[in-house]
Structure formats: C-alpha cells, structure tokens
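Me: Please put the structure up, and then we can go through it in questions and answers.

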Amino acid sequence: MRKKIVATTSLAGCFGCHMSILDIDLRLVDLIELVEFNRSPITDIKKISKRCDIGLIEGGICNDENYHVLKEFRENCEVLVSVGECAIMGGLPALRNNIPIRECFEEAYRNVPTSKSGGGIIPNDDELPIILDRVYPCHELVKIDYFLPGCPPRADLIWETLLALVTSGAELPYELVKYD
Amino acid sequence: MGQKIVIDPVTRVEGHGRVTIHLDDAGNVEDARLHIVEFRGFERMIQGRPYLEVPVIVQRLCGICPVSHHLAGAKAIDCVVGVGPEGLTPTGEKMRRLMHYGQMFQSHALHFFHLASPDLLFGAGASVEKRNVVAVAREYPELAIQGITMRKFGQEIILATAGKKIHGISAVPGGIHKNLSIADRDRFLVGEKDFNINKMVDWSVAIIDFIKNYHKKNSGLMDSFAAFPSNHLSLVNKDGGMDLYHGVLRAVDAEGRKILNDVDYREYVKHIQEETKSWSYMKFPFLNSIGKENGWYRVGPLARLNTVDFIPTPLAQKEFEEFRAYTKGKPNNMSLHTHWARLIELLHSAEKMKELLNDPDLQGNDLIAKGARQREGVGVVEAPRGTLFHHYEVNDDDSVARCNLIVSTTNNNEAMNRAVGHVAKAFLTGVKEITDGLLNHLEVAIRAYDPCLSCATHALGEIPLRVSIYDSNGMLVDEKAT
Ligand code: SF4
C-alpha cells in the first residue's frame with residue numbers, strides 16, 4: 001500500500017500545536033514508517049511538492065501570506081484538518097479583532113516605556129506582508145474537513161487522529177476528543 | 001548601480017523571516033536585513049484583561065518555550081501582588097525552578113536533535129530530503145531515540161510541575177498551586193529503563209563530547225563562520241554564577257569588561273531602550289548608556305557563558321572551564337559556538353533537575369505567599385534563547401493597564417542581522433546571484449541563534465527563507481526561495 005502523504009504548517013499560531021505533534025514521543029519513529037512527510041517545519045520541506053493526503057493546519061489567518069499558504073494546502077490536500085484553538089477560532093491572536101489595528105501598532109512601537117529613545121517609527125515596508133483587518137479562523141476562508149480541539153490538542157488525540165485517517169474509517173473514542 | 005537580494009524564510013527556525021541584501025553601485029554588499037514579517041499586537045490586546053490571566057494567556061505567544069513566558073509573567077505578577085521576586089515560599093520557588101530547568105532541558109534537546117543535528121550529521125550541503133529529523137531517525141535511530149527521550153523527560157517534568165506539557169497553569173500570583181508528588185519524584189529519580197535523571201545527565205555529557213569532536217574536525221568553520229565581536233547580556237545570580245530563573249542583569253563587552261554591572265532588572269527601562277526600523281516588525285534593543293549604534297548585544301547560551309563567572313553544578317562547571325579556556329578567558333564571539341554553549345547548559349539543567357528532585361522542599365505544602373498590592377511588576381527570566389522581559393502596569397480594578405515585552409529573539413535582532421551580513425559578504429563578493437550555498441549558509445547563521453520569531457513579534461509560523469537581491473535603484477536582480 002502506498003504511504004499516505006502528510007503536510008503541516010503553522011500560520012498565525014504559536015507553534016505549540018506542532019510541539020504537541022512532537023509530544024507523541026517515540027511514536028514518531030512509528031509515524032515515519034506509516035506516513036511520508038511533505039511540506040512541514042518538521043522536515044524542512046518548504047513547498048508542497050506533490051499531492052498530499054492529509055494537511056494539518058495550526059493557527060488562523062492574520063495576513064495575506066497566511067491566506068496563500070492555506071489556499072496552497074486546500075488545493076493540494078485531500079483532507080484538511082484545523083489543529084487547535086487558533087486554527088478553529090483564531091485563538092490568542094484573534095484577541096485583536098475588536099481593536100483597531102492602528103492601536104496595536106501605536107502601543108507596540110510608540111507607547112511602551114522602552115520606545116522613548118528608539119524613534120517611534122511604525123514598521124511599513126514592501127517586504128512586510130499585509131496584515132488583515134482581523135484574524136480569521138481557517139474554515140471561514142476554505143473548506144476544512146476535521147477540527148481537533150485543544151490548546152494545543154493533546155498528543156494522544158493527534159496520534160489517534162492520524163492513525164484513523166491513515167487506516168481510513170477508524171472511529172475516535174469520544175473521551176479523546178475534548179478541550180485540553 | 002546598487003542592488004538588493006531577498007531570501008524568504010527558514011523552516012527549522014521557528015517563525016517567519018525574510019532576508020534582503022542590498023548591493024551598492026560597485027556590486028558590493030551594502031546592507032543585509034532580516035525582516036520579521038509577523039505582528040500580533042499583544043501589548044494592546046492584553047489591556048483590560050484581569051492580571052490573574054497574564055501567566056496563562058501570555059504563553060500563547062510561543063508554544064516552543066511557553067514555560068518561560070508563564071514564569072516571566074508570573075514573576076511580574078508576583079510584584080503586583082506584593083510578594084516580589086524573592087518573597088516566594090521555598091516550595092513555590094523550587095517548583096517553578098524545576099519547571100524552568102525542565103523547560104530548558106527539553107528546549108535545548110529539541111534544538112540539538114530536531115533542528116541542529118541534521119546539519120551536523122549530514123552537512124549543510126545535503127539535499128532537503130535528508131536535512132531533517134526524519135532522516136536522522138531513519139539513519140541514526142539510536143541517537144534519535146535518545147533525543148526524543150530527553151525531550152520527553154523535560155516535557156514530563158513540565159507536566160508534573162505545570163499541569164500540562166504545553167501551556168501549563170500552575171504558576172499563580174505569589175507562588176504555585178501544587179507540589180511534586182512522591183510518585184512523580186520517584187518516577188524521575190528511578191524511572192523505567194532509560195527514563196531517569198541519571199541517564200539524562202550521562203547522555204548530556206555524551207552529547208557534549210559529540211559537539212567537541214565535531215568542533216575538532218570542523219574548527220575552521222565553527223571558529224570563523226559569522227564570528228564578530230559584540231556585547232553580551234544575561235541575568236546572573238548575585239554571586240556571579242549562572243542562574244536561569246532569577247538574578248541581576250549583567251552585560252559585558254567583546255573584551256569581557258562589565259558594561260552593565262549587576263543591576264536590578266526591575267529598572268530595565270533605565271538601561272535598555274528599543275529602536276524600530278521600518279522594514280521589520282521586530283524591534284532592536286540597545287543599552288541606553290552606549291546608544292543605538294554600538295549598544296546592541298547578544299543573549300542566549302553563548303552570551304550567558306560569557307557573562308557568568310561560574311556554573312554552580314560540578315559537571316557543567318568542568319565543561320564551562322574548558323569552553324572558557326578555548327578563548328583564553330575572553331568572551332567567545334563565534335556564532336556557531338552557541339551550539340557548544342547550549343549543550344553545556346543542557347547538562348547544567350540536568351544537574352539542576354537532579355538537585356531539585358532530591359530536595360524535600362518540593363513536597364512542602366506552603367505554596368502561595370501574600371503581600372500588599374502594587375501597581376506595577378517586572379519579571380525577567382533567562383529563557384532557552386535568552387533574556388526575557390515582561391512588564392505590566394495594573395489598574396485599581398485589577399485589569400492590565402499597560403504591558404511591555406522584550407523577548408529573547410528580539411534581544412538578538414541586531415546580532416542576527418550582523419550574522420546575515422557576514423554570510424552575505426562572504427558569498428557575494430564579485431557574484432550577483434543567489435547560490436544554494438548562500439541560502440544554506442544564511443539559514444545556518446540564523447539558526448545558530450535558534451530564533452523563535454513567533455514570540456519575537458509575538459507571532460510565529462514556519463519560516464521558509466526567500467532571498468532577493470536589489471540594485472541601488474531598487475530593481476530586483478535575483479530572487480530565490482529555499
Ligand atoms: S491552539 Fe494553542 S497551542 Fe495551538 S497554535 Fe494556538 S495558542 Fe498555540
């Protein structure tokens with residue numbers, strides 16, 4: 001049987017969900033026998049290079065670049081999974097959704113006590129991606145097939161989910177699918 | 001006509017970055033910039049939230065070393081509840097320390113095995129399919145199992161002290177809300193098979209031998225690659241020894257002269273200011289007394305080994321002496337020696353955990369101290385990647401009025417830019433195109449600082465690298481992504 005191909009990415013997330021993937025510990029050695037990793041911070045492959053079976057998304061969408069990556073994943077993955085609070089609901093970054101972005105910049109670059117002798121510029125350059133009006137959960141922008149709750153979802157949940165997807169059809173015990 | 005080159009991003013580094021290299025009319029490197037492209041706005045978002053939430057919320061900036069944010073936030077709030085950094089109960093402080101050293105241990109193990117070992121084992125020139133931890137697991141299974149087990153040990157310590165492996169909850173204003181059970185303690189002291197503290201110490205010693213051997217064979221590369229003089233800053237214990245949880249701020253210059261002499265970190269605003277540049281969301285901190293131009297400094301394992309007088313655990317102290325002897329007691333300014341320094345800290349963390357696990361105070365029941373409410377608090381810890389500052393002002397209704405964070409990677413901002421500049425100059429003299437060698441070496445240079453770009457801009461993502469070259473008219477000459 002052909003190995004299933006898995007891609008993962010971190011968008012507007014904290015990387016904690018990827019750390020939780022690593023928390024499957026020694027099962028990592030079994031995992032690489034079961035699946036082949038394509039684009040992922042775990043493999044250092046930076047572009048999806050072939051059609052993937054499973055895409056895992058950490059984090060929501062806070063700038064145009066996040067959106068392009070999310071689209072790349074949707075176009076190239078059979079099954080797309082929102083992993084964790086940020087991908088599902090925006091998470092901590094979405095705390096800014098009720099605040100004008102200007103205020104966030106003003107606070108970070110002008111008002112903090114260590115910015116007194118720093119010049120008080122607000123970054124603005126062609127090299128910087130465009131920050132969106134608010135932080136979007138992934139499913140508002142593309143179709144998402146499954147959602148894994150938790151901040152981050154526990155390693156056991158991630159592991160069982162991958163197993164279920166790889167062996168297609170296995171059911172996840174309800175006790176496993178819970179927040180934190 | 002001058003030119004500019006862009007590199008976009010660096011996967012095994014945690015965060016989003018992009019490098020641009022600007023060439024002058026003669027085609028020489030004029031400027032090299034590491035742009036940090038994520039922005040969160042945490043300083044504003046936290047305003048109005050109850051201060052009790054701080055240690056729990058703030059760690060969501062970074063899932064790679066959440067414990068550091070959890071504890072720096074908690075230390076700041078300790079000041080707000082009038083307990084101050086030194087007023088915790090012995091159980092409170094020691095539980096937090098165990099959590100912190102567990103974090104240091106897992107993070108340094110993660111860096112070595114998952115991020116650095118592929119380059120060391122396969123060479124920076126190996127193909128992408130090979131240069132990753134999956135290939136390490138396949139070709140060096142024993143080493144991989146060791147690395148995974150060490151990281152797991154640190155994570156389990158965090159679970160036992162913080163309540164969760166990632167984004168724990170135990171550090172509360174004025175203390176900790178649980179002690180360490182005897183069962184947990186024994187599991188770490190004796191453990192099953194290799195899962196015990198003595199093994200962690202042994203393995204740490206063995207990995208230092210690995211890096212020292214690697215250095216012997218590759219000293220040309222390790223000694224010269226992105227090596228440049230700089231100031232170094234960290235917390236040190238009041239006695240001058242290494243202390244990753246608490247101490248005073250010390251900075252030394254490239255020659256080892258003290259330029260910040262063991263000051264109280266609660267007054268950090270007097271000593272440290274930050275500059276903003278239009279092209280990066282990450283700020284550029286500098287020592288106020290020296291100024292923007294020359295007041296920048298490095299933080300992290302290399303800086304710490306340059307600032308401290310000694311390491312207070314025997315095995316790590318022995319390694320420290322050898323490390324110091326290599327530069328004849330002067331500060332070590334070689335970027336790639338950070339790998340060596342990091343592993344000495346890995347060993348120190350293992351020894352510290354062992355000391356703490358044997359301390360009966362961890363089974364104490366006096367968990368939380370109380371004091372008179374203050375309006376402001378500053379908390380600083382040495383995170384795996386360097387000095388981390390948290391600062392909060394609190395309103396009468398207990399909501400956060402203001403927040404300021406300077407995270408480890410931000411403290412290294414200028415140093416990373418310098419490292420990028422060094423590599424660019426080495427590879428682009430007389431050449432105007434982006435070779436794979438340039439790309440790989442830029443990544444290696446940035447990775448030595450183990451930047452966690454997510455928390456630096458209070459954001460994170462994977463960081464593929466895109467390099468672009470621009471001429472002096474701003475026209476794109478060449479562009480390539482890894
Ligand atoms: S869900 Fe939690 S762990 Fe995952 S990226 Fe968001 S903050 Fe981090």
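**Strands, a helix and a loop**

Reply: In chain A, strand β5 (residues 77–83) has five of its seven residues buried, so β5(A) is largely enclosed by the rest of the structure. Buried means under 20% relative accessible area, exposed over 50% and partly exposed in between, with a 1.4 Å probe and protein chains only. Helices (H or I, at least four residues) and strands (E, at least two) are DSSP runs numbered from the N terminus. This is a predicted model, in which local features need pLDDT of at least 70, side-chain atom pairs count only at pLDDT 80 or more, and totals for chains, interfaces and linings use all residues. Residues are numbered from 1 along each chain as its sequence is written, chains are lettered from A and ligands numbered from 1 in the order in which they are written, and side-chain values use heavy atoms, with hydrogens and water left out.

Me: Which residue in β5(A) stands opposite I54(A)?

Reply: Strand β3 (residues 52–58) of chain A runs parallel to β5(A), joined by six bridges; two strands pair if DSSP finds at least two bridges between them. The residue of β5(A) opposite I54(A) is V79(A).

Me: Which residue in β7(A) stands opposite V81(A)?

Reply: β5(A) also pairs with strand β7 (residues 146–148) of chain A, in the parallel sense and over three bridges. Opposite V81(A) is Y146(A).

Me: Where does α4(B) bend by about 60°?

Reply: The bend at a residue is the angle between axes fitted to the seven residues ending there and the seven starting there. A proline, P118(B), follows within four residues of the bend, which is at A116(B).

Me: How many residues of α4(B) are buried?

Reply: Just past the helix, G123(B) has a positive phi of about 90°. α4(B) itself is mostly covered, and of its 33 residues the buried ones number 30.

Me: Which backbone oxygen does the side chain of N358(B) reach?

Reply: N358(B) lies in the loop between α13 (338–357) and β12 (376–383) of chain B. Its C-alpha atom is separated by 42 Å from that of A419(B), 61 residues apart along the chain. At 3.0 Å, the side chain of N358(B) reaches the backbone oxygen of K354(B).

Key. A polar contact is a pair of N or O atoms within 3.5 Å; within protein, one must be able to donate a hydrogen and the other to accept it, and residues adjacent in sequence count only if both atoms are side-chain atoms.
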